Amino acid sequence: MAIEVRLPTDENFIRSLKVGDEVLITGTLVTARDMAHKFMVEKRPEFLKDILRGTAIYHCGPVVRKEQSGEYRIIAAGPTTSSREEPYQASVIEQYKIVGVIGKGGMGEKTSEALKKFGAVYFHAVGGAGSLLAKCVKKVKDVLMLEEFGSPEAFWVLEVENFPAVVTMDAHGGSLHRQVLKESEARLKEILESFGTR
Amino acid sequence: MQNFVEIGLELIKRCSTDLPPDVEKRLREWRDREEASSTARNVLDVILKNIEIARQEGTPICQDTGLVTFYLTLPRGMNAEGIKGDLVEAVKKATALGLLRPNAVDPVTGKNSGDNTGGGLPYFSVEYHDGDEIVIELMQKGGGCENCGAQYRLPDQRLKAGRDLDGVEKCVLDAVFQAQGFGCAPGVVGVCIGGDRAHSYLHAKKQLLRSLDDKNEDPVLAELEERLYEKLNRLKIGPMGFGGNTTVLGVKVGKLHRHPASFFVSISYCCWADRKRKAIVKGSDVQIY
């Protein structure tokens, strides 16, 4: 059974999550991808601090439609590859006190250390599931830096409900990515060695 | 003359929102081969549900609607410029309708053109044939999996890969291993053996247009495809790289004659959202596949 995660949340709850846990996230997320991460680390904007504290950043560049009423509607919103944010992520976790990073592909050792040190986890969303994940978005609460960054790179503040994900890096240094890499590497080695003996 | 703006728009709509049946069929088959209530099976269920929602609601399968690439096959003597102009219009319209995300960024200024055109986009490949049909194939391949493409030069010392089919297999195994976590597995793998660097990559990508159900006309390559399909799935990287039985949905291999000094093996990796559609136009008749 999936575990319910309500955002914003606190460090105690986050530390109870373990690698392999399947979760359903409800609450506030903020999208941030390449330009946003560079901006957060280099410019340290104050206006994001209250929005981000205790919640999660989502590595996502959504397809957004502006309705005639002026409201925004999220049409497709799956995760983008997280590793591009590796140089910035640890610093963002520390400075903005976020408790979660949502994306795909997992992240490196520097981020893993920061998750452990500051009490945060990495949630892996299903890559490519843009339509399904967009349906989990109940409301666009706000958008920041839209003019400056363009739609895919802006900070979209989203209210989501039952957004499915898997904890693949936890606050105890665990990483499913490290484990699968190790296991598949052993299998690859075995297959490569079988060639000579054919 | 047909209105190719309309045809292009319909093709893009189908491509963005309706996953081809051969890909969906493989996803369903592999879903059943994953253990009940495993994360691997649950992920494939989310993917299948997403495919249904996108089709029903006419929304993009994935928010990364890819780089729009058209492969035209025209009757001999026909000029391609008119059709190309119409298809560029179709791309602009599709972007305005939210069927395509603006994905064309100037690499120097960082400015997004906003309509998926400019700086060489959309891409076109034009070939001619003896028939009188106009064939327009469309591929919308995402950026995450495009980043997983790889090119090897045989012999490769690290992989102990020589200039033979065993060497080719080793390259493909390594490329899929390296792609884990990045290309949205289970993927489809296009391979080209030979060619120069540029044509080899193009030909590898073109293999992705083939149906997953087809059989390579070259019996040696057909066997190679089968062998690789089996071995790659033995890696157990699993959907999204979470571990599991499903690593790739198919392998398609082509070849090009090579220069005696060069032996390239190029791999184009496509995520599970292998978006490809085809229109065949004959007189007033238009069929979209």
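Start by selecting helix H1 of chain B: 10 of its 14 residues are buried, so the helix is largely enclosed by the rest of the structure. A residue is buried if 20 or more other C-beta atoms lie within 10 Å of its own, exposed if 12 or fewer, and partly exposed in between, with C-beta atoms placed from the backbone. Helices (H or I, at least four residues) and strands (E, at least two) are DSSP runs, numbered from the N terminus.

This is a predicted model, in which local features need pLDDT of at least 70 and side-chain atom pairs count only at pLDDT 80 or more, while totals for chains, interfaces and linings use all residues. Residues are numbered from 1 along each chain as its sequence is written, and chains are lettered from A and ligands numbered from 1 in the order in which they are written.

**Stop 1: H1(B)**

Select residues 4–17 of chain B; from first C-alpha to last, H1(B) reaches 20 Å, close to the 20 Å expected at 1.5 Å a residue. The expected span is 1.5 Å times one less than the number of residues. Among the buried residues are Phe4(B), Ile7(B), Leu11(B) and Arg14(B). Now show what covers them, including helices H3 (39–57) and H4 (81–96) and strand S3 (134–141) of chain B.

**Stop 2: H2(B) and H3(B)**

Show side chains: Glu24(B), Leu27(B), Arg28(B), Trp30(B) and Arg31(B) in H2(B) meet residues of H3(B) including Arg41(B), Leu44(B) and Asp45(B). Ala, Val, Leu, Ile, Met, Phe, Trp, Tyr, Cys and Pro count as nonpolar, Asp, Glu, Lys and Arg as charged, and the others, Gly among them, as polar.

**Stop 3: the side facing chain A**

Display both chains: 41 residues of chain B are in contact with 40 residues of chain A (C-beta atoms, placed from the backbone, within 7 Å). The largest share of the chain B side, 10 residues, comes from H3(B). That side divides into 20 nonpolar, 13 polar and 8 charged residues.

**Stop 4: Gly120(B)**

Finish at Gly120(B), in the loop between H4 and strand S2 (123–129) of chain B. Gly120(B) counts as exposed, because it has 9 C-beta neighbours inside 10 Å.

Technical notes. Contact = placed C-beta atoms within 7 Å.
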